[in-house]
Amino acid sequence: MTRERSGVYVWVTWLSKLMAGETTCQWSPWFKAHHTDYSRVPGNFQLAAWTAEHTRLLDEISKEREKFGETIYREGQNKFLAKRPSGLAVAGTPDLISMESESVHCTVFDIKTGNPRQSDIIQVALYMMFLPYSTGLYKGKKIDGCVVYKTGRSEVPRQIIDDKFKKNVTYFLNILESSIPPSKLPTHTGCSWCDLTIVDCPERVDVEETVVNETGQDFPL
Ligand code: SF4
């Protein structure tokens, strides 16, 4: 049953999709940042296929990095939480972090089994940005990133975290932290990607959108 959180909690994937403009209904991540134990739309058979593919790719990268003599940390070992002075918490779990021995350099890898999206790069950049604030292990380290797709890799150099990027992170964190909820934007496409149910969002649209004025009208030009 849905409960209000004691503090605002932001999962990195909510923030990355918001920053990339892939989540158009800002109410959804805002609600999740302020509430817990809410009902979720159940996954489907595709999730099982995704999990197997993800595990295989993760295993391949792990073996590759180990061959280079790097120390690797996988999934649950990488769960982190960083706090804003206001108390807002940002949390995430990078798929894999490899650390070069006797070096200050490490790389954050994230595996994606779907088509490349802008949010993939932003997600890894956010991991790189927040990790040094979570545990002493990454303090002072030079952190680069890499998104691994079935079809290739996208490097995420540490230079991506510049003042402009930080300003955008601040802007969207402020939206999620605000006590005033953003407006809902129910659309067929947006709601089909949203895991909130009608229990918490009665406006959820689960049927094909009706195209208004499908036949069009003449305009005088
Ligand atoms: S179900 Fe639709 S309207 Fe409701 S929060 Fe999700 S995206 Fe927004």
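Reader: At what angle do helix H1 and helix H4 pack?

Author: This is a predicted model, in which local features need pLDDT of at least 70, side-chain atom pairs count only at pLDDT 80 or more, and totals for chains, interfaces and linings use all residues. Residues are numbered from 1 along each chain as its sequence is written, and side-chain values use heavy atoms, with hydrogens and water left out. The axes of H1 (residues 12-19) and H4 (residues 118-130), lines fitted to C-alpha atoms over the stretch in contact, lie 8 Å apart, and the helices, DSSP runs (H or I) of at least four residues, pack at about 130 degrees.

Reader: Are H1 and H5 roughly parallel or roughly perpendicular?

Author: The axes of H1 and H5 (residues 163-177) come within 10 Å and cross at roughly 110 degrees. Angles of 65 to 115 degrees count as roughly perpendicular. H1 and H5 are therefore roughly perpendicular.

Technical notes
Axes fitted to C-alpha atoms, helices over the stretch in contact; angles between N-to-C directions. Helix = DSSP H or I, 4+ residues; strand = E, 2+ residues; numbered from the N terminus. Parallel < 35°, antiparallel > 145°, perpendicular 65-115°, else oblique.
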